[in-house]
Amino acid sequence: MIEITGLTKRYGSHTVLDNIDFTVESGSIVAVVGRSGAGKSTLFRCVNLLERPTSGTVRVDGQELTHLSRGELRVARRAIGTVFQSANLLRRLTAAQNVALPLRFLGLTEEEIHKRVRELLDRVGMLHRANHYPGQLSGGQRQRIGIARGLATQPSVLLADEATSGLDPETTGSILRLLTGLRDDLAVTIVVITHEMDVVRSVADVVAHLDHGRIVEFGRVGDVVRRSDSTLSTALLPDQPAPRPPAGEVVWQLRYQEAAVDPSWLSRISRELDTDIALLSGLVETVGGDHAGRLTVRIGAHLAEDKVVHAFAAHGIHARMAQAAGELAGVPS
Amino acid sequence: MTTHVLALGTPWSGVPALVLPAFGQTAEMVGIVMAIVVLVGGPLGLLIFNTSPRGLAPQPRVNAVVSWFANLGRSLPFLVLMAAIIPFTQLVVGTTIGLKAAIIPMSLAGIPFFARLMENAIREVPRELLDVGVASGASRWQIIRSIQLTEGLPGIAAGLTLNMIAMIEYSAIAGAIGAGGLGYLAVNDGYEQFDGTIMISCIALLILVVQVIQFTGDRVVRSLLH
């Protein structure tokens with residue numbers, strides 16, 4: 001469990017992190033998203049105390065880290081595993097030696113190290129690459145080794161900074177499955193720093209949106225996605241563009257607003273309104289364990305706006321008439 | 001006055017008897033100096049890097065002082081340095097001529113040189129790898145040993161090669177104070193006594209030695225990079 005309160009980091013007069021508060025429960029995955037320069041990397045470096053925050057506290061499993069001495073911090077850091085962008089493996093060490101590094105720092109015996117390293121490599125599916133050097137591994141394989149090294153000290157928290165950036169979608173998927181596996185099997189709390197919405201959609205339980213050093217949105221991913229006033233929601237499930245409707249028809253933008261939307265809503269509402277509903281475009285996904293969707297449909301203009309809105313609302317769907325022509329053509333992502 | 005040309009000199013059969021002992025003296029001088037240079041210059045290089053703003057324990061004042069001394073040692077041409085510290089050499093080894101006397105100025109010139117080469121090699125280790133050490137709960141000493149020295153090793157090996165070749169050059173200059181060696185033989189017999197055979201033999205051997213050291217050094221560096 002991580003509790004961050006009032007975390008502020010300034011460089012001179014420049015405030016990079018401004019009074020950040022958030023809590024992550026044990027065994028869940030939180031994604032911290034934001035544009036470049038929003039303060040994501042500084043937050044990452046403050047949580048594992050690579051940088052001392054200017055003010056505020058960072059607690060991991062109840063232990064406050066910001067006031068520890070250098071020596072105490074060294075011990076406390078073992079509770080936090082770190083996975084770096086592009087893995088940061090030592091080029092001159094084999095995969096197994098890289099994973100062994102934190103265990104050597106800990107002063108374990110060779111026998112214990114050997115045993116642990118094998119377990120860790122097995123966990124990340126890299127046992128067959130134990131004696132390869134980083135230069136002989138693919139980006140995804142290097143990242144798996146990086147994750148194994150992050151897990152070496154059996155931390156309760158794993159921090160991953162852009163762990164999947166630069167990887168192809170398939171490899172990203174396999175790394176994300178590995179992370180969810182860690183959460184489910186080992187109850188590790190995972191903080192993923194990312195700019196990729198796919199990462200949030202597929203693994204995060206909770207999402208924090210960082211903008212100009214502040215948390216502007218925070219919540220369960222399923223909840224955030226359904227919020228109609230959320231910029232994150234639009235980023236996670238973009239509105240779908242649609243062509244200009246023929247005369248006598250109106251285009252509607254639909255958004256799942258509630259957790260339990262019956263997937264058969266389309267035919268049901270069509271029957272209730274006694275009209276055809278033309279499905280123009282859409283994105284329906286499982287986000288944070290719930291169904292979530294963004295769709296564009298076309299309905300006859302003869303129906304009253306109120307009536308349509310109510311019909312959809314009764315099924316937990318937020319409907320909005322798309323009016324401006326610009327809204328139909330190129331919708332901002 | 002008759003003109004002497006380089007044709008005059010020791011017959012080829014007599015060359016090994018003169019050149020081989022000289023080669024042995026050069027090897028001894030360079031070997032002893034390199035050991036001192038690595039033992040003193042290496043830690044000094046680590047100190048310079050790690051007290052710099054990018055290092056593990058930034059200490060601007062310590063850095064400025066150590067850095068200043070390292071530059072001092074490299075400011076003087078070797079011949080000037082050797083002459084300037086004669087009283088110091090006398091004090092340390094009790095003589096101002098011969099092999100022992102050559103080791104002092106050579107070490108004083110070599111230590112700051114190697115310290116800079118060491119600093120450069122460690123500077124090449126990516127900053128993020130030091131973060132890996134810190135985040136894994138390593139002590140500073142553990143980071144130096146397991147990350148800086150491990151990852152910097154190819155650069156350190158390249159520095160050693162460069163340093164050793166520079167020391168061979170210095171050993172020839174040190175020949176001027178009677179330290180012996182190939183340089184001394186070339187100047188004393190080859191040049192001053194117009195012994196062409198000796199001159200050519202010394203030059204050929206020096207070229208060969210430097211080439212072998214550079215070739216070996218390059219091979220070692222390549223084998224250290226994975």
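Domain bounds here come from an automatic or database domain assignment. By that assignment, chain A splits into domain 1 (2-222) and domain 2 (237-321). Before you click further, keep in mind that this is a predicted model, where local features need pLDDT of at least 70, side-chain atom pairs count only at pLDDT 80 or more, and totals for chains, interfaces and linings use all residues. Residues are numbered from 1 along each chain as its sequence is written, chains are lettered from A and ligands numbered from 1 in the order in which they are written, and side-chain values use heavy atoms, with hydrogens and water left out.

**Stop 1: the two domains of chain A**

Colour the two domains of chain A separately. Their C-alpha centres are 39 Å apart. Contact means heavy atoms within 4.5 Å, and five residues of domain 1 of chain A are in contact with six residues of domain 2 of chain A. Buried area is the accessible area (1.4 Å probe) that two parts lose on being put together, summed over both. For this pair of domains it is about 430 Å², with 48% given by carbon and sulfur atoms. Now select Arg201(A), Arg220(A) and Gly222(A): in domain 1 these lose the most area to domain 2, together 81% of what that side buries.

What kinds of residues make up the side of domain 1 of chain A that touches domain 2 of chain A? Two are nonpolar, one is polar and two are charged. For that count, Ala, Val, Leu, Ile, Met, Phe, Trp, Tyr, Cys and Pro are nonpolar, Asp, Glu, Lys and Arg are charged, and the others, Gly among them, are polar.

A salt bridge is a side-chain nitrogen of Lys or Arg within 4 Å of a carboxyl oxygen of Asp or Glu.

**Stop 2: Glu217(A)**

Next, select Glu217(A), which is found in strand S10 (residues 214-220) of chain A. Strands (E, at least two residues) and helices (H or I, at least four) are DSSP runs, numbered from the N terminus. Is Glu217(A) buried or exposed? At 11% relative accessibility, Glu217(A) counts as buried; buried means under 20% relative accessible area, exposed over 50%, and partly exposed in between (1.4 Å probe, protein chains only).

Show the neighbours too. Leaving out residues up to four places away in sequence, Glu217(A) touches several residues, including Val207(A), His209(A), Arg227(A) and Ser230(A). A polar contact is a pair of N or O atoms within 3.5 Å; within protein, one must be able to donate a hydrogen and the other to accept it, and residues adjacent in sequence count only if both atoms are side-chain atoms. One such contact, of 3.0 Å, joins the side chains of Glu217(A) and Thr231(A). The Glu217(A) side chain also reaches the backbone nitrogen of Leu232(A), at 3.2 Å.

**Stop 3: a bridge within chain A**

Side chains of opposite charge can pair when their charged atoms come close. A search of the whole structure finds 19 salt bridges over all chains. Pick out Arg35(A) and Asp211(A), whose side chains meet in one of 3.5 Å, N to O. Arg35(A) lies in the loop between strand S3 (29-33) and helix H1 (40-47), and Asp211(A) in strand S9 (residues 206-211), so the pair ties together parts of chain A that are 176 residues apart in sequence. Arg35(A) is exposed, with a relative accessible area of 60%, while Asp211(A) is partly exposed at 22%.

**Stop 4: where chain B meets chain A**

Zoom out and bring in chain B. The contact takes 21 residues from chain B and 22 residues from chain A. Together the chains bury about 2100 Å², 57% of it on carbon and sulfur atoms.

Helix H6 (127-135) and helix H7 (140-174) of chain B are the elements that give two or more residues to the side of chain B touching chain A. H7(B) gives the largest share, eight residues.

**Last stop: across the chains**

The rule finds two salt bridges across the interface of chain B and chain A. For one of them, select Glu151(B) and Arg91(A), at 3.3 Å, N to O. Glu151(B) is buried, with a relative accessible area of 3%, whereas Arg91(A), at 41%, counts as partly exposed.
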